[in-house]
Amino acid sequence: MSLLTVSGSPHVHADESVRKIMYGVLISLVPAMLVSFYFFGLGAIIVTLTAVVSCVVFEFLIQKYLIKGPVTICDGSAIITGVLLAFNVPSNLPLWIVVVGSFVAIGMGKMTFGGLGKNPFNPALVGRVFMMISFPVQMTTWPKPIPLNTQLTDVVTGPTALAVVKDGVGRGEKVSELLPKVPEYMDLFIGNMGGSLGEISAIALILGGLYMLVRKIITWHIPVSYIGSVFIFTGILWWVNPDIYVDPVFHLITGGLMLGAIYMATDMVTSPMTPKGMLIFGIGCGVLTVVIRVFGAYPEGVSFAILIMNAFVPIIDRAFKPKRFGEEVKNG
Amino acid sequence: MKTFKLGGVHPPENKFSEKQPVEILPVPESVSIPLAQHLGVPANPVVKKGDKVKTGQLIAKGEAFISANIHSSVTGTVTKIDDVIDTSGYRKKAIIIKTEEDEWDGSIDTSDNLIKECNLSREDIVKKINEMGIVGMGGAAFPSHVKLMVPKGKKAEYFLINGVECEPYLTADHRLMLEKGEELMVGITIQMKALGVDKAIIGIENNKPDAIEYIGKLAQEYKGISVEPLKIKYPQGAEKQLIKALINREVPSGKLPIEVGCVVHNVGTAFAVYEAVQKNKPLIERIITVTGSNIEKPCNLMVRIGSPVAALIEVAGGLPDNPGKVISGGPMMGKALNDLDVPVTKGTSGILVFSKKQSGRVPEITCIRCGKCVNTCPMALEPFFLALLVDKQRFEDCEENMIMDCMECGSCHFVCPSGRPLLDSIRVGKSNVGKMIRERSDK
C-alpha cells in the first residue's frame, strides 16, 4: 500500500497567495498608470520602465550574490516598488537618479531588513525621500501635462498646485487670489496638472483603490481614516481663516494624498495588523500630512507622514489589540 | 439571515454525497472498540478475553464523572484487549471482538416504530443517557449527560441544536435530518425536558434548504422548537459561534455555554438520545460520510462503532489510485490517518480521501503582515503573533494573548497567503500553556 501523508489540520487552503495579492495590486495601478502616460507621454513610460527594471534587477542581484539566498523577484513585490517609486517622481527626472532611487528603495528600504515582510518602512517612500533630499532641484521640476506628448525634451515646467498656494501664502497673498493660478478643481480631480507621475489623477487612484477593496487586498480603514482626517483637519483650518488656509477639497485632490492614502499607507508590510490600529495609523498619517503641508518647510508632506507613522507600527500593534471574543461580555 | 459576526471563512463546500440516502455498512469480520472514544477518562473494560457478547451489551464502564459507557457494536467473542492505533495516531487500549451472527441484546427495541411519549423524570432521562454511553457526535465527543446536568446556581434557558455541518464535504448530519427528522424532534423534546427549558432552536446553514424546509415543517407540531436558517460561514458549527449566531450571546472566555443559559447538542447526539431513551439502544452505530473528489461513490453509511476505516472506503468504491491523504473528519479540523485499519469511533463524522495533489501544503514563505489571519479568526485572536511568540518560546505571553481561546478551527492557516502553518505553531503553544496552567494549579 502506498504511504499516506499525515499533517495537521486544516487540509485545504484558500485560493490565496502572496503573488496573487501583488499582481492584484499591479492591476489596480493600471488606471493611474494610463493617466500618467496620457498626460506625461513617453517620459512617463520610460521613467516607469526604468524604475521597475532597476528594482527587479537590484533585488535579484542582492538576493543572488549578496545574501546568496532564494531569489523571489517573481512574487511581484519588487515590481510594485518600482511602479510606486516611478509614481512618486516627475516624468522628466534624469534616469540615473531613478536608478539610484531604485537602488536605495530596494537595497536600503527592503533588503537590509531581510526582504519582503521584514522592512519597517515603505521601500518606495524610502527611495523617494532619499531622492527628494539628495536631488531637490530635479525632484521638484514638474513638467506641465501635455496630452499624448511624444517629445522627451523641451517640456514646459512649473510648480505644483500645492506649491503655488504655499509660496503665495508665504508671500502674504490671499488664497482667493492664488486659486485662479492653479488648474480648475475638475482638472485637478482628473489629473490634468503638474506633479509626480502617478499622483495626479485622484479619480484613477480611487478606481484602483476600489478594485483592491473588492479583491480584499486592502480594507477601508487606512484610506478612509487618512483622507477623512486630512479633510477634517484642513476643514477646521479653512473655517478659522479662509484667507491663509486653502479649502479641504483642494487638499484632497492635489499632491500625493490619494496615492499615499490608497497605495503607500496601505502597504501590508508597513501598516498595522488590526482594524483599530489601522484607524489610528491613518489618523496619524492625516494629521502629520496637514502639519507638514501647512506649517512645515515642504509644500507636500505625505511621504514624510507615512514614513514617520511606519515607525510607530510596532507600538500601535502592541497597544491596540482586537477585542477578543468573550473578553468583555455584554449579553441580553 | 443570521450568522456570527467575527471572522470566519468560506471554504469550497464540495458536498458530493448530500443526495445519497444512508446505507447500512455490513457488519465487519472483527471490530476494535477503543476505550477512549470520548473526552475525559477512558472507560474500564467489564469483559475479558474469550467472553461472548451480544450487540448492545455493556463492555466497558465509564466510572469517572466525565467518562462514558461503551457497548459492543456486534455479536461475537472478545479475542483480546490490546493497544491499537486509533484516529489520533496513538496506540490506545481497545476491545477487539470477532463477529458472529448478529444478535441484539433483548432489552433493545430494534423496531422502526416512532415512540413519542416519554414519561421518565428529568433525573431518569439523564441517567438513561449516561447508561447508554451517549457522547457529543459533532466531533469532540464530550459525554452528553454531563452537559445535561445544569450546575447549581446556573439556569438553562435555551437548548440549541447544531444542524449547521459547516465542515466542507460532510453530509452525515444533513442526511440524518432528512431521514430521521421525527426521531430527532422527539429527542429534542426529551432533552428540553431534562434541562427544564421551553425553547429549543435548531440552527441549519442555508446550503441545506431541503432540511430547513422539512425540519421547519416538523417543528410546527412540537411546542417550543423552532428552526433558524443561518448564512453559510465556517466555523458556524463551533459551539460559541453557533450561540452567537442563534441568540446573539457571547460565551465568556474560558467558560461553558451554560454561563449564558445555553446547552448545545449536535443533531446526531439528539437522535442518539432519542434511541437511548425511547428504544433503550446504546450508542453503537452512527452515520458517517465517506467522500472525496476521487472517490467513486461518495456516500453516507450507517456504521457500527469499531469498524475499520478501510471497510468504509471499500463500500464507497475503494481507495483511488495513488491516494494522498485519508482524513477522519472534515478537511478543516479532521485528523489525517496513517493507517486504514483504525476503527471509527463515536466521534467520527466522515472519512475523506484526498489525492496526492490535494494532500500537499502550499509552500511556506515569509509573513507579509497582510492581517488576514487576524481578520478571519472567529475568536479575534492574532494568529500571526501567537505563532511568533510560540517560535520564541514565550509561553507566558501566549497565555496573556489568550492562546487557550483558540478552538483550532484552522481558518488562519486556511486563509494565509504565505501558506504559514499558523495552527501547527499555535497547537504547540496551547499544549505548553496547558502544561503551565496545570503545574500552577498543582502548586
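Residues are numbered from 1 along each chain as its sequence is written, and chains are lettered from A, with ligands numbered from 1, in the order in which they are written. Because the model is predicted, local features need pLDDT of at least 70 and side-chain atom pairs count only at pLDDT 80 or more, whereas totals for chains, interfaces and linings use all residues.

Chain A contains 14 helices and two strands, where helices (H or I, at least four residues) and strands (E, at least two) are DSSP runs numbered from the N terminus. Its C-alpha atoms fill a box of roughly 85 × 60 × 30 Å along the principal axes. The radius of gyration, taken over C-alpha atoms and compared with a globule rule of 2.2 Å times the number of residues to the power 0.38, is 21 Å for chain A, which agrees with the value near 20 Å that a compact globule of 332 residues would have. Of these 332 residues, 52% are buried, a residue being buried if 20 or more other C-beta atoms lie within 10 Å of its own, exposed if 12 or fewer, and partly exposed in between, with C-beta atoms placed from the backbone. Contacts are assigned to residue pairs whose C-beta atoms, placed from the backbone, lie within 7 Å; among the contacts in chain A with a separation of 6 or more, 73% involve residues 24 or more positions apart.

An automatic or database domain assignment supplies the domain bounds, and chain A is divided into domain 1 (18-138) and domain 2 (153-318). The centres of these two domains of chain A, taken over C-alpha atoms, are separated by 21 Å, and 33 residues of domain 1 are in contact with 31 residues of domain 2. On the domain 1 side of this contact in chain A, H1, H2 and H4 each supply at least two residues, and H1(A) gives the most, with 16 residues. The residues on that side comprise 22 nonpolar, 10 polar and one charged, where Ala, Val, Leu, Ile, Met, Phe, Trp, Tyr, Cys and Pro count as nonpolar, Asp, Glu, Lys and Arg as charged, and the others, Gly among them, as polar.

Helix H3 of chain A (residues 95-110) has 16 residues, which at 1.5 Å a residue should span 22 Å, in agreement with the 21 Å between its end C-alpha atoms; the expected span is 1.5 Å times one less than the number of residues. The buried residues of H3(A) include A:Val98, A:Val104, A:Ala105 and A:Ile106, together with A:Lys110. The elements that cover the buried residues of H3(A) include helices H1 (18-66), H2 (77-87) and H4 (123-134) of chain A.

Chain B has 14 helices and 17 strands. The radius of gyration of chain B is 21 Å, close to the 22 Å that the globule rule gives for 443 residues, so chain B is as compact as a globular protein of that length. Of the 443 residues of chain B, 56% count as buried, and 74% of its contacts between residues at least 6 apart in sequence join residues at least 24 apart. The domain assignment gives domain 1 (1-26 + 106-360), domain 2 (27-99) and domain 3 (372-442) of chain B. In chain B, 31 residues of domain 1 are in contact with 27 residues of domain 2, and the domain 1 side divides into 16 nonpolar, eight polar and seven charged residues.

Helix H7 of chain B (residues 267-279) should span 18 Å for its 13 residues at 1.5 Å each, and its end C-alpha atoms are 17 Å apart, which agrees. Since 12 of the 13 residues of H7(B) are buried, this helix is largely enclosed by the rest of the structure; B:Glu275 and B:Gln278 are among the buried residues. H7(B) is followed by B:Asn280, whose phi is positive, near 65°.

Note on methods: Two residues are in contact if their C-beta atoms, placed from the backbone, lie within 7 Å.
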